[in-house]
Amino acid sequence: MTAQIVEIAGQKIAMLPIEDYKRLVDIAEDKADLLAAVEAENRRQDMEEYVPVAVVDQMLAGRSALHAWRKYRGLTQAELGERVGCAHSHIGNVERGLATASFALWRKLAGELGVSLDDLVPED
């Protein structure tokens with residue numbers, strides 16, 4: 001690898017052939033991929049649950065995370081509502097975005113479904 005050092009506006013800059021630059025970018029991307037794989041393996045060994053394909057498919061189909069996780073856990077709206085202390089109609093309205101839920105209710109829902117708030121609460 002050959003590089004030329006130049007000074008522009010008081011800042012030293014390394015100039016190198018585009019092929020060398022592309023190779024360095026590839027190496028950096030490979031290292032980032034390796035670190036991500038190691039992190040994922042550590043989470044797997046810690047028994048962290050991945051988002052199941054069935055949940056992802058439901059969300060890609062336009063369903064809310066609440067709906068997708070509830071269905072994945074095999075619960076009806078009535079069962080989930082009973083467990084968290086609210087009406088099944090409210091669960092349905094929250095799933096469809098027709099009603100909002102308090103932070104306390106989101107925490108209860110996440111706890112009952114065994115997921116983090118980040119996995120459940122809509123971003124908006």
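Which side chains meet in a salt bridge at 2.5 Å, N to O? In this predicted model, the pair is Glu-41 and Arg-44, a salt bridge being a side-chain nitrogen of Lys or Arg within 4 Å of a carboxyl oxygen of Asp or Glu. The model is predicted, with local features needing pLDDT of at least 70 and side-chain atom pairs counting only at pLDDT 80 or more, while totals for chains, interfaces and linings use all residues. Residues are numbered from 1 along each chain as its sequence is written, and side-chain values use heavy atoms, with hydrogens and water left out.

The structure holds five salt bridges. Glu-41 and Arg-44 are three residues apart in helix 1, so about one helical turn separates them; helices are DSSP runs of H or I with at least four residues, and strands are runs of E with at least two, numbered from the N terminus. Glu-41 is partly exposed at 31% relative accessibility, as is Arg-44 at 43% (buried means under 20% relative accessible area, exposed over 50%, partly exposed in between, with a 1.4 Å probe and protein chains only).

Helix 1 (residues 18–45) also holds Arg-23 and Asp-20, three residues apart. Their salt bridge has its closest N and O atoms 3.4 Å apart. Here Asp-20 is buried, with a relative accessible area of 11%, whereas Arg-23 is partly exposed at 42%. A further salt bridge joins the side chains of Arg-43 and Glu-39 at 3.2 Å, N to O. These two, Arg-43 and Glu-39, are four residues apart in helix 1, again about one helical turn. Arg-43 is partly exposed at 27%, and Glu-39 is partly exposed at 49%.
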